[in-house]
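This briefing concerns a single protein chain and is organised by topic. Please consult the sequence and the coordinates alongside the text.

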Amino acid sequence: MHIVLQLIPKKYLIGGTLILLGLSGLLVMSTIVAITGEFEKDSQQSEVTEIEGGGIGVGTANVSPEVMKYQPLLEKYAQKHGLDASYVPIMMALMMQESGGRGNDPMQSSESFCGSVGCISSPELSVDKGVLHFKSVLEKAHYDLKLCLQSYNFGGGFINYVMKNGGKYTPELAISFSQLQYQKVKHTGNYHCVRPEMVPYSACYGDALYVNAVLKYYTGTITADGKPAAPASGASGGKSGVKVIDAGKTLIGKTRYVFGGGRSQSDINAGRFDCSSFVRWAFEQVGMNVGPMSGVTTDTLKTQGQAINPKDMKPGDVVFFDTYKIDGHVGIYVGNNQFLGCQGKTGVAIASMAKGTYFGERFNGRVKRF
């Protein structure tokens, strides 16, 4: 064999190798597309517990890839601790501010867990205890989200301080609390202003501007008092839901399913969509932003809106299915056990989700109203 190889010119050996590599790459890509199509046999189904309750409205975390990788863990522990999944984007924004998703304690939850910095060395334990602490602070703050966020930084004493001074978070109260606490601890020499603009105020305890620091990584709906926002009458279910459906129907027969498609204007112009990009596009047509064009997925969509019991579904609600993974497919409910979505063999089309059908057997009970 060695002698044969010596007789073949080197340039032909290199060319042949490159051709083989190219064919192998095409085979791998074809396999991936086949696996991730919407009509594949589901071999990864597991029990899904429906998450019910309120939320803070439609929200999107604008965070780094390092933080995005923790989304599944945040969802897992939100469910474990009974916290509505709508809060996951806010916690992702909080993690972005705390650590940028780096280190072994990405939620910086050591102090709340054991009273000292550095006692957590497992990222999953950090998420577990961070979500639990977030929920605890949120409840103590009576669901005043901004008070919750600032208390995550200051500690529970800030909640007591606010309750004695009007009962509602304000930036002025954050600064005055920081001033008072700094006077108590500045003699230790262990505290300094994390923000130069707070030096003139001697507000050097914690980060008095923590709320805005977190919210710069979050795009979404928060009510004026910081409490959970229930969907308004103009939300996706009902009359506005019909408008979303009407917008989506305009693409029936004009598109083809491409996994990862619909995340650029050229894809949209050419009618290339996958399930989640189609849902994003349909809501955009009626003035609702449910995520960035380049980043929307079934996993980002399921953290938004309000969870709805399946028996209360209305046209325009967003429904999820366990296909190649949990929540692997998404569509817009149109009524009569049917939904509008972008499917692997049809492109944008209306499909049945009645019992006994492909999607009927894979509907997991997750329904969100945007």
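Ser276 has a relative accessibility of 3%, and because buried means under 20%, it counts as buried. The model under discussion is a predicted one. Ser276 lies in helix α14, which covers residues 275-285. When neighbours within four places in sequence are set aside, the contacts of Ser276 are Arg263, Val296, Thr297, Thr298, Leu301 and Val330.

**The chain as a whole**

- The protein chain contains 15 helices and 10 strands.
- Of its 370 residues, 48% count as buried.
- Considering contacts between residues at least 6 apart in sequence, 61% join residues at least 24 apart.

**Packing of α7 against α8**

- Two packed helices are described by the angle between their axes and the distance between the axes.
- For helix α7 (residues 123-140) and helix α8 (residues 145-154), the angle is about 130 degrees and the axes are 9 Å apart.
- The two helices α7 and α8 are therefore oblique to each other, and the crossing of α7 past α8 is right-handed.
- On the α7 side, the contact is formed by Gly130, His133, Phe134, Val137 and Leu138; on the α8 side, it is formed by Leu145, Cys148, Leu149, Ser151 and Tyr152.
- By class, the residues of this contact between α7 and α8 comprise seven nonpolar, three polar and no charged.

**Helix α7: length, burial and end**

- The 18 residues of α7 should span 26 Å at 1.5 Å a residue, and the end C-alpha atoms of α7 are 25 Å apart, which agrees with that expectation.
- Ser126, Val127, Asp128, Gly130, Val131, Phe134, Val137 and Leu138 are the buried residues of α7.
- Among these buried residues of α7, Gly130, Phe134, Val137 and Leu138 also take part in the contact with α8.
- The elements covering the buried residues of α7 include α4 (71-80), α5 (88-98), α8 and α9 (157-163).
- Just after α7, His142 adopts a positive phi of about 55 degrees.

**Packing of α4 against α5**

- Helices α4 and α5, which are among the elements that cover the buried residues of α7, also pack against each other: their axes come within 10 Å and cross at roughly 125 degrees.
- The pair α4 and α5 is therefore oblique, and its crossing is right-handed.
- In this contact, Gln71, Leu74, Glu75 and Ala78 of α4 meet Val88, Met91, Met92 and Met95 of α5.
- The contact of α4 with α5 has six nonpolar residues, one polar residue and one charged residue.

**Positive phi in loop residues**

- Ser202 is a residue other than glycine with a positive phi, near 55 degrees.
- Ser202 is located in the loop between α10 (171-185) and α11 (210-215).
- With a relative accessibility of 30%, Ser202 counts as partly exposed.
- Asn337, likewise a residue other than glycine, has a positive phi near 55 degrees.
- The loop that holds Asn337 lies between β7 (329-335) and β8 (338-343).
- With a relative accessibility of 41%, Asn337 counts as partly exposed.

Terms used. Residues are numbered from 1 along each chain as its sequence is written. This is a predicted model: local features need pLDDT of at least 70, side-chain atom pairs count only at pLDDT 80 or more; totals for chains, interfaces and linings use all residues. Side-chain values use heavy atoms; hydrogens and water are left out. Axes are lines fitted to C-alpha atoms, for helices over the stretch in contact, and angles run from 0 to 180 degrees between N-to-C directions. Helices (H or I, at least four residues) and strands (E, at least two) are DSSP runs, numbered from the N terminus. Angles under 35 degrees count as roughly parallel, over 145 as roughly antiparallel, 65 to 115 as roughly perpendicular and the rest as oblique. A crossing is left-handed if the near helix is turned anticlockwise from the far one by less than a right angle, and right-handed if clockwise. Contact means heavy atoms within 4.5 Å. Ala, Val, Leu, Ile, Met, Phe, Trp, Tyr, Cys and Pro count as nonpolar, Asp, Glu, Lys and Arg as charged, and the others, Gly among them, as polar. The expected span of a helix is 1.5 Å times one less than its number of residues. Buried means under 20% relative accessible area, exposed over 50%, partly exposed in between (1.4 Å probe, protein chains only).
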